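Subject: Structure handover

Hello,

Here is the structure I promised to pass on. My notes follow below it.

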Amino acid sequence: MHELSIALSILDLVEEEAQRRGGVRVLAVHLKLGPLSGVVAEALSSAFELAREGTSFDTCRLEITEVPIVVFCPNCKSEQEPVSIQCLCCAQCGTPTPQVIHGQEMDVSAMEIADEYANAPG
Amino acid sequence: MNMQTRLVEVRQKVLKQNDVVARALRERFHQAGVFVVSLVSSPGSGKTAFLEKTLTLLRPHFRVAALVGDLATDNDAHRLARSQAPVRQITTGTICHLEADMVQNALADWDLNEIDFLFIENVGNLVCPASYDLGEDLRLVLFSVTEGEDKPLKYPTIFNTADVAVITKMDIAAAVEFDPAAAHNSIQSVRPGMRILEVSSKTNAGMEPWLEFLKQYAPSKSKSQSPVLANSQGALS
């Protein structure tokens with residue numbers, strides 16, 4: 001189980017991004033997670049709750065969006081879904097392909113940050 | 001107090017720190033002319049036996065070294081040291097995988113210019129190591145004939161991140177009714193086109209094709225230009 005390591009890496013990244021924006025309060029962090037990232041969403045959610053305790057992000061939510069696997073099919077010459085994670089064949093024509101376009105993502109895509117009214121522009 | 005929330009785009013890889021270190025390592029390895037091979041498998045698949053044999057057979061022809069990750073013991077490092085190659089232990093404690101900075105720290109005082117092939121044995125684990133780039137050129141995933149032909153289907157991610165699959169303990173394949181064709185099908189299903197090697201570290205069966213395969217990546221600075229295959233015939237027979 002390396003989800004705790006991953007959760008701590010997410011918090012490091014959140015802290016860095018929050019500092020870069022003047023120490024803003026982060027309400028939520030949005031994560032894109034592919035099935036080939038090596039991380040299980042449920043386990044990561046639990047680990048994140050544990051990791052955020054006692055930090056300045058102890059109420060920060062983790063919103064995970066799972067990204068489906070997309071492969072390049074050399075026969076269809078286009079991006080296609082594979083049959084499954086166990087069978088990297090084009091779901092349309094059945095051609096095997098090792099070219100994974102999406103599905104390995106483990107990326108922080110966005111953060112929800114809080115602006116106090118008085119400081120908010122406009 | 002009233003708060004206004006807004007969404008800001010970040011677009012950063014979670015493991016960007018690891019990736020930065022791994023890229024720097026890869027750059028150092030290439031500049032020093034070191035070819036780096038990492039090994040991953042579940043515990044007990046025979047990584048250490050395979051690596052010990054590889055080091056022993058390569059050492060007369062190339063300058064080889066190994067880093068070995070282990071949760072708690074240095075038993076594997078002692079076993080590998082029997083090959084006479086420089087070996088260094090990385091004790092990971094509770095961490096179930098190696099990360100790029102652990103490799104970087106372990107290499108700190110080694111002169112990479114003095115190494116042709118560096119092997120990195122990961123902690124026995126088919127899940128966690130998948131996510132971490134270590135700066136290696138080639139990642140081997142090993143599984144033994146006792147683990148079931150469908151192992152790749154159960155751990156598709158690690159097979160997807162690896163370059164070569166090595167089936168170990170082939171000497172007992174018949175005794176455990178191992179079905180090579182089924183195993184090959186499983187591997188090809190999760191990673192179409194993957195190169196597969198079948199070896200026995202005990203009898204040396206399959207070691208020649210493996211050494212031959214490695215030899216094509218031998219850095220030109222190596223101390224001997226003599227072909228591994230020709231020279232290792234004696235050792236193998």
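In chain A, strand S3 runs antiparallel to strand S4 (residues 78-80), and three bridges join the two. Helices and strands here are DSSP runs, numbered from the N terminus, with at least four residues (H or I) for a helix and at least two (E) for a strand. Two strands pair if DSSP finds at least two bridges between them. This is a predicted model: local features need pLDDT of at least 70, side-chain atom pairs count only at pLDDT 80 or more, and totals for chains, interfaces and linings use all residues. Residues are numbered from 1 along each chain as its sequence is written, while chains are lettered from A and ligands numbered from 1 in the order in which they are written.

Back to the hairpin. A:Phe72 has A:Glu79 as its bridge partner in S4(A). Four residues sit between the strands S3(A) and S4(A), and A:Lys77 in this hairpin takes a positive phi near 55°.

S3(A) also has a partner in strand S7 (residues 100-102) of chain A: two bridges, again antiparallel. Here A:Val70 is bridged to A:His102.

S3 (residues 70-73) of chain A has A:Val71 and A:Cys73 on its covered face, and A:Val70 and A:Phe72 on the uncovered one.

Next, A:Leu88, in strand S6 of chain A. Is A:Leu88 buried or exposed? It counts as buried because it has 27 C-beta neighbours inside 10 Å. The cut-offs: buried means 20 or more other C-beta atoms within 10 Å of the residue's own, exposed means 12 or fewer, and partly exposed lies in between, with C-beta atoms placed from the backbone. Leaving aside neighbours within four places in sequence, the contacts of A:Leu88 include A:Val71, A:Pro98, B:Val190 and B:Pro192. Contact means that the C-beta atoms of two residues, placed from the backbone, lie within 7 Å.

That brings us to the interface. 34 residues of chain A are in contact with 33 residues of chain B. On the chain A side, helix H1 (3-20), strand S6 (87-90) and strand S8 (106-116) each give two or more residues. S8(A) gives the largest share, eleven residues. By type, this side has 21 nonpolar, eight polar and five charged residues. Ala, Val, Leu, Ile, Met, Phe, Trp, Tyr, Cys and Pro count as nonpolar, Asp, Glu, Lys and Arg as charged, and the others, Gly among them, as polar.

Now chain B. It has nine helices and eight strands. Its radius of gyration is 19 Å, close to the 18 Å that the globule rule gives for 237 residues, so chain B is as compact as a globular protein of that length. The radius is taken over C-alpha atoms, and the rule is 2.2 Å times the number of residues to the power 0.38. Buried residues make up 46% of the chain.

Seven strands of chain B form an open parallel sheet, ordered S4-S3-S5-S2-S6-S7-S8. Strand S4 (87-91) and strand S8 (195-198) are its edges. Neighbouring strands are turned by 20° on average, direction ignored. Strand S7 (residues 164-168) pairs with S8(B) over four bridges, and B:Ile167 stands opposite B:Glu198. Helix H2 (residues 47-58) of chain B lies across S2, S3, S5, S6 and S7, at about 170° to S5(B).

Last, the core. The largest nonpolar core has 95 residues, and among those with the most contacts inside it are A:Ile10, A:Val14, B:Ala66 and B:Phe117. A nonpolar core is a set of buried Ala, Val, Leu, Ile, Met, Phe, Trp, Tyr and Cys residues joined through C-beta atoms within 7 Å. H1(A) gives the most to this core, with seven residues. B:Ala66 touches B:Leu51, B:Leu80 and B:Phe119, among others, not counting residues up to four places away in sequence.

Best wishes

Notes:
Axes are lines fitted to C-alpha atoms, for helices over the stretch in contact, and angles run from 0 to 180 degrees between N-to-C directions.
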